[in-house]
Amino acid sequence: MTAYFIRMLSSFQLYDNWIKFPLELLIAVVLFTYWLPRREHFAARISFLTLAMFGFSLVWNLNPIAGFWNVLQYLFIFMLSIVLIFFSYKCSFWHAIYAGISAYALQHIANGFHTLVAFYIPVLFSGSDSYLFLSNILNSTIYQICSYLCSYAIIYTIIYYSLAKKIKQDGFYGIDNKTFSFFISILLIFVIILNYFRVYYNDAFSRENIIINITISLYSIIGCLFALLIISGFNQQSRLNHSLEVTKQLIHMQKKQYQMSEETINLINIKCHDLKHQISAVRKNISDKDSRDALKEVEAATNIYDSVVKTKNETVNIILTEKSLLCEQNHIQLTCMIDEKNLSLISVTDLYSMLGNILDNAIEAVLKIPDYNQRVISLSISSAHNMLLIHCENYYQSNLTFQDGLPVSDKGNPKYHGYGMKSLKYLCEKYHGNLSILAEDDIFYLDILIPVVR
Amino acid sequence: MYQVAIVEDNPQDAEVLTQMLKEFEKQNQVSFHWTFYPNSDDFLLHYKKEFDLIFMDIEMPGLNGMDAATEMRKKDTDVTLVFITNMAQYALRGYSVNAVDYILKPLNFYSFSMKLKKALRNIRHHGQELITLKTSDGLFRISPSDIYYVEVKGHYLTYYTNRGDFISRATMTDAENQLPQNLFLRCNKCYLVNASYITSVNSSCLILNDTEISISRTRKDSFFQSYAQYLGGTV
């Protein structure tokens with residue numbers, strides 16, 4: 001055994017046999033998982049499992065199985081990588097599987113690319129004269145190391161920026177269709193098997209075999225690329241489905257809120273009305289001027305809802321009442337110009353939801369401004385030329401980020417960013433209208449145009 | 001230079017308003033010429049259609065601002081009107097006199113600035129000068145409000161107007177520069193439409209004088225943005 005070790009150490013065989021694959025796979029895994037939240041004792045877990053992977057590779061290759069079944073080592077190391085992901089990061093087991101598959105696919109593409117570009121293709125395109133000359137270069141250490149590092153770097157970078165980063169930004173939403181997942185796994189196992197034929201069965205550099213090897217490499221690269229794209233595509237799909245579900249839920253919740261709001265405001269109005277009468281009655285019987293004045297103040301206080309804007313549209317009244325109290329508490333100046341003429345176009349809950357979202361957005365933006373004088377919101381609803389226009393402008397201070405053309409709020413759960421806006425867009429489209437947003441010179445403008453159809 | 005009328009009975013408030021106008025001029029590179037009226041009677045007495053913008057205080061002795069505005073509108077439907085008030089309620093009726101917005105007292109510059117910008121967008125719709133069209137039959141002067149839309153075909157533009165169609169050798173860019181930008185909207189590569197003649201719009205096309213014109217996908221967002229601004233301005 002010692003002799004074996006000594007022979008190995010003196011060549012790249014050491015690297016090739018037991019470090020290369022686990023190391024490449026591990027780097028690929030990192031690219032697809034580094035942003036995930038970590039479990040406790042992360043360092044210990046990941047070190048242990050990394051050593052396990054390398055250890056497994058070493059032990060296996062001390063006594064490699066002859067022939068075809070040697071490829072099983074790749075399968076086992078791949079499974080170990082999934083275990084590594086699941087035990088080191090806080091994620092679901094399915095997520096670990098998909099990350100593992102993605103990493104394996106990435107490693108495989110890089111591997112195929114490297115062999116194609118560094119070995120097969122150059123040899124294929126040389127006549128027998130230059131073959132000798134080329135093989136000297138191809139065998140030189142510097143060339144081997146450079147081509148290896150470069151081709152892997154290129155592929156890993158391209159795939160990271162085009163696919164992995166997206167999953168990092170969007171989050172992992174799972175892949176709903178379990179059948180497709182099954183097929184992807186089969187695809188990958190097939191790829192592993194295909195590669196056995198490339199690696200083991202041929203005298204790699206004879207001309208016919210080179211063509212076979214190039215073909216096999218190309219097929220497996222394409223297969224792996226497919227797997228990656230499918231995973232990415234399905235994740236996108238799941239994200240959009242999730243998004244739609246949340247939007248619908250929001251609207252449903254707002255419906256409940258509307259009912260509660262309406263009841264509350266009506267209740268308070270009735271109470272206030274009663275109180276006013278009682279105070280009036282009491283006031284008549286008091287002759288002391290100071291007491292009368294004090295009572296007048298109390299009476300004024302019961303006008304709490306009366307003093308707020310009243311239009312002919314009940315929904316508008318309710319939402320404006322709600323929001324203007326909130327504004328008053330926060331030193332926000334809210335002004336409204338409302339022509340409720342065509343508002344009946346929009347259903348009560350939808351209107352409540354729309355105006356609620358618009359005002360919530362504006363309020364959230366101005367609340368960030370420390371100077372009370374700048375907390376100004378102006379809302380107007382009007383009709384002209386068969387179009388209903390809802391226009392809201394307000395100051396804003398923080399930096400706005402946009403996703404899918406809509407601004408994203410930075411409060412609350414990151415997975416629920418910007419749902420107010422999404423729900424607004426959804427409702428606009430429901431009424432065949434259009435939502436436009438403009439942010440210019442510290443003022444945020446929001447316009448909703450809805451065609452008036454009779 | 002915008003002609004501004006300030007109808008305000010309280011001299012301190014009038015002074016504050018003036019200061020804010022001066023500050024706005026500096027920050028936004030515009031200039032105003034203002035005239036004071038301490039009450040609405042003086043204002044209405046010799047009213048002439050000479051103003052671009054009117055700041056009208058609502059709470060005034062005698063005829064209040066809202067009623068004064070109603071009287072004024074009988075003589076002038078074009079001028080841009082902004083109310084100044086202590087109370088929010090009155091402003092809801094602002095749309096009946098075509099007011100652009102209202103400003104709450106005590107005046108603060110941020111609120112003033114935001115609403116004045118809105119008012120100015122409105123003003124730019126009115127007071128259009130005649131433009132000149134160069135056709136093979138000679139020169140024609142026409143008001144932009146008489147033009148329904150402009151179509152480009154090759155090197156020629158066709159102006160469809162209420163005085164007939166005119167063909168001029170020019171580019172669409174020439175037309176866009178010549179015509180008021182907030183009134184004329186580019187809805188697709190070949191058409192420039194006058195927003196005031198649009199009778200209905202949906203997400204893919206608009207109808208103007210019984211002609212259907214499509215809205216291209218690339219211009220859709222900017223078209224709706226501009227159209228919303230136009231509609232916001234005219235009310």
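1. Basis. The structure is a predicted model, in which local features need pLDDT of at least 70 and side-chain atom pairs count only at pLDDT 80 or more, while totals for chains, interfaces and linings use all residues. Residues are numbered from 1 along each chain as its sequence is written, chains are lettered from A and ligands numbered from 1 in the order in which they are written, and side-chain values use heavy atoms, with hydrogens and water left out.

2. Helices H3 and H4 of chain A. The axes of H3(A) (residues 42-62) and H4(A) (residues 72-88) come within 9 Å and cross at roughly 175°; helices are DSSP runs of H or I with at least four residues, strands are runs of E with at least two, and both are numbered from the N terminus. Axes are lines fitted to C-alpha atoms over the stretch in contact, and angles run from 0 to 180 degrees between N-to-C directions. H3(A) and H4(A) are therefore roughly antiparallel (over 145 degrees; under 35 is roughly parallel, 65 to 115 roughly perpendicular and the rest oblique). The contact (heavy atoms within 4.5 Å) includes Phe42(A), Phe56(A) and Trp60(A) of H3(A) and Leu72(A), Phe76(A) and Phe87(A) of H4(A). Its residues comprise 14 nonpolar, six polar and one charged. Here Ala, Val, Leu, Ile, Met, Phe, Trp, Tyr, Cys and Pro count as nonpolar, Asp, Glu, Lys and Arg as charged, and the others, Gly among them, as polar.

3. Helices H1 and H4 of chain B. The axes of H1(B) (residues 11-28) and H4(B) (residues 109-123) come within 10 Å and cross at roughly 65°, which makes H1(B) roughly perpendicular to H4(B). Among the residues in contact are Leu17(B) and Phe24(B) of H1(B), and Phe112(B) and Lys117(B) of H4(B). By class, this contact has eight nonpolar, three polar and two charged residues.

4. Cis peptide bond. Lys105(B) and Pro106(B) are joined by a cis peptide bond, with omega about 0°. Pro106(B) lies in the loop between strand S5 (99-104) and H4 of chain B.

5. Positive phi. His331(A), a residue other than glycine, has a positive phi near 55°. His331(A) is in the loop between helix H11 (314-329) and strand S1 (333-338) of chain A. Most residues other than glycine have a negative phi, and most peptide bonds are trans.
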